Structure formats: structure tokens, C-alpha cells
Amino acid sequence: MRIFKFASFSAACVLSLASTLLAQEPASISTQSPATQSAAQPVCEGYFACWFNRVDKTQSEQPHWITPVATTTPRLEEEVRYDQMWLQHTDGYTWYNYDGAKGIELIPWYKTEIIIQAPPYYVYHGDPSEHDGAGDIQFLVKYRLLSRNEKHGNYILTAFLGWSLPTGSYSNGVVTGANSATITPTIAYGKGFHNLDLQGTFGVQIPTNHEQANGTNYVFNNTLQYRFIKKLWPEVEFNTTHYFDGEHAGKTLNYVTPGIVAGRFKFVGRVGMTVGGGFQIATTSFYRNNHNGILTIRFPF
């Protein structure tokens, strides 16, 4: 019953969001002033011809911080991303996570981003209790509610809605131990103070079936960044998951993740490159892995 009500609520939210987007999107986008447009042809006409105009306009109205190593940024990005993770299990094994559930991020509509997260691939080096294989495919939609760039307030507020589909082999899915999709509504926020910024998210990960086994998780991430010599962004993240019910009911997992991100560097044309890394340290008594390494590579465009 709870899932039925939530699905109905989600459908209503999606329909409402779609109608809002259709009402707000202009027929064409131009960077020229109204006076200039009246004397000349528009810069572009048509959905695909105006794509990058729409991207540039959307991004010009938000802060220009860098995306953290682990925390999902409230900013809207258009990029291809790959992450690599090395997880040190409590039993002494090293787990490898290739791709880290990243993929392609697009801004198809004004104030809107969609992320198609390719299934990660897990290799459990030396661990006989686990099977190597692919994880779940995931999707995320962002809609930016409020934003001002550095000249006009330097803040942002964005709503997320994420889905995962149980495509993972063995128990390599988002929710392990049972074949279940998940829905994750999230609110994301950020505020900048000159070269310092705070970015964070709070979400609820809800399984669509096997609720007693999988449980509902509260996921809370916060990142403090400082811009140093233009292209370097040292940071510290606090990545927290509280297990409300299910197998680990009442337990909390927290990592402190110091890291650094470098970029954006010009690559070719409008394509840039950003690289970064972090090191996760568990600060709670409950954890399955600790001292984990993260490498992230992005190509924004």
C-alpha cells in the first residue's frame, strides 16, 4: 500500500513537472538583446540547434563551483563521467568498482538535467563469498528550483528524483540481497562565500518491494570546498547513511572523505576535463569497508 501511494505521488509530481517545463521553455533561445533580435535573425531555431545556447543560459544562472568527488552537486552539468573505486573490506579483501554508477549527464531542457548512470562492474578480488558482475542501471532527474550566480547571491536549490532498476547480477544491485528497484527523492542545496562553498543533499532511498528485507535508507551528504589558485578545489565530505528499517535497522554509517578536484581544464572545443580523488574513512563502528580510494574523471561540454 505504501509503495502504491508513493508511486501515485511520484507520477503526479512528474506530470506537474512536465507541465511546468513546457510552460517555461521558450520557442528559441538567443543571447542577443531584444533590440538586436528585432533587427536580426535569431541565433538559433529548433530544439537541437539551440541545445548549447540553452545549456549556457542555464549554467550562467547558477554558481560555478566544481562537482565534489562523491556528493552529487545541486548544480546542473553536461558531461561524461567515469569513477573508479577501491573498497577495503573488513575481512581484508579489496573490492573494485569500475565506473562507480556514473555515465552521461545532459541538460535537455531549461533548468533540467537528466543523468543516465551506466551499470558499474564489481570485482571482488580474493573474496570467495561474492560473485563478480554488473550492478544496477540508474537514472536521475534534476530540476533546479532556485539559483543565483556569484554576482547575485551565490546559492542554489535543486530537487532530484532517482530510480534504479534491478538489472545487477547476483547481489550487486543498489539494494543487495533481494531483487528490488528503488526510488530516491532528494533535495540538494548549496551556498558560496567567495572562494568557499557548501554543497549537500538529503534523500530517502525507498525499495519498491521486499521492504522488510531491504529497508528504507536516509542518505545525507555534505561537502565543504575551497577554491585555491583558480583550478584546485580541496574539499572534505561527510557521507552518511542511516538505515531506518530492514536488515540493518537503526544503524548509521558515516564516512569522512578528504579529497581534491582539479579543473576545469580546456580539452578541445567546448569540451573540458576535470580530475579528482578522495579517501573515505569510516567514523562509525558499523561499516563493511573502510579506507576506500576514489578516482573521478569528467569531460564537461
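This report walks through a predicted model, going from a disulfide and a helix to cores, ring pairs and strands.

## The disulfide

Let us start with the cysteines. Searching the whole structure turns up one disulfide, formed by Cys44 and Cys50 with their sulfur atoms 2.3 Å apart. The link of Cys44 and Cys50 is right-handed, with 115° about the S-S bond. Both Cys44 and Cys50 are buried. As a reminder, a disulfide is a covalent bond between the sulfur atoms of two cysteines.

## Helix 3 and its cover

Helix 3 spans residues 51-60, and its buried residues are Trp51, Asn53, Arg54, Val55, Thr58 and Gln59. An α-helix has 3.6 residues a turn, so residues three or four places apart point the same way.

## Nonpolar cores

The largest nonpolar core has 12 residues: Trp65, Ile66, Val69, Met85, Leu87, Trp95, Tyr122, Tyr124, Ile156, Trp233, Val261 and Ile294. Two or more of these core residues come from each of strand 1 (79-89) and strand 5 (121-125). There is also a second, separate core of six residues, with Val55, Leu76, Leu106 and Phe301 among them. Val55 is also one of the buried residues of helix 3.

Leaving aside residues up to four places away in sequence, Ile156 touches Gln62, Pro63, Trp65, Pro74, Arg75, Arg144, Leu146, Ser147, Ala188, Tyr189 and Gly190.

## Aromatic pairs

Across the whole structure, a search finds 12 aromatic pairs. One of them joins Tyr47 and Trp51 in an edge-to-face arrangement, 5.6 Å centre to centre and with 85° between the planes. Tyr47 counts as partly exposed because its relative accessible area is 30%, whereas Trp51 counts as buried because its value is 14%. Ring pairs also link Tyr47, Phe48, Trp51 and Trp109 into a cluster.

Another edge-to-face pair is made by Tyr218 and Phe244, with 5.7 Å centre to centre and 65° between the planes. This pair links distant parts of the chain, 26 residues apart: Tyr218 belongs to strand 11 (residues 217-226), while Phe244 sits in the loop between strand 12 (232-243) and strand 13 (252-268). Tyr218 is partly exposed, with a relative accessible area of 29%, and Phe244 is partly exposed too, at 47%.

Strand 8 (residues 155-165) pairs with strand 9 (residues 182-193) in the antiparallel sense, over 10 bridges. Within this pairing, Leu157 stands opposite Tyr189 of strand 9. Tyr189 is also among the contacts of Ile156.

Strand 9 runs antiparallel to strand 10 (residues 196-207) as well, joined by 10 bridges. Thr182 has Pro207 in strand 10 as its bridge partner. Where does this hairpin turn? Strand 9 and strand 10 have two residues between them, and His194 in the turn has a positive phi of about 60°. A charge sits over a ring here too: Lys191 lies over the face of Phe193, at 4.5 Å from the ring centre.

Notes. Residues are numbered from 1 along each chain as its sequence is written. This is a predicted model: local features need pLDDT of at least 70, side-chain atom pairs count only at pLDDT 80 or more; totals for chains, interfaces and linings use all residues. Side-chain values use heavy atoms; hydrogens and water are left out. Buried means under 20% relative accessible area, exposed over 50%, partly exposed in between (1.4 Å probe, protein chains only). Helices (H or I, at least four residues) and strands (E, at least two) are DSSP runs, numbered from the N terminus. A disulfide is a pair of cysteine sulfur atoms within 2.5 Å. A nonpolar core is a set of buried Ala, Val, Leu, Ile, Met, Phe, Trp, Tyr and Cys residues joined through side-chain atoms within 4.5 Å. Contact means heavy atoms within 4.5 Å. Rings of Phe, Tyr and Trp (its six-membered ring) pair if their centres lie within 6.5 Å; planes under 30 degrees apart count as stacked, over 60 as edge-to-face and the rest as tilted. A charge sits over a ring if NZ of Lys or CZ of Arg is within 6 Å of the ring centre and within 35 degrees of the ring normal. Two strands pair if DSSP finds at least two bridges between them.
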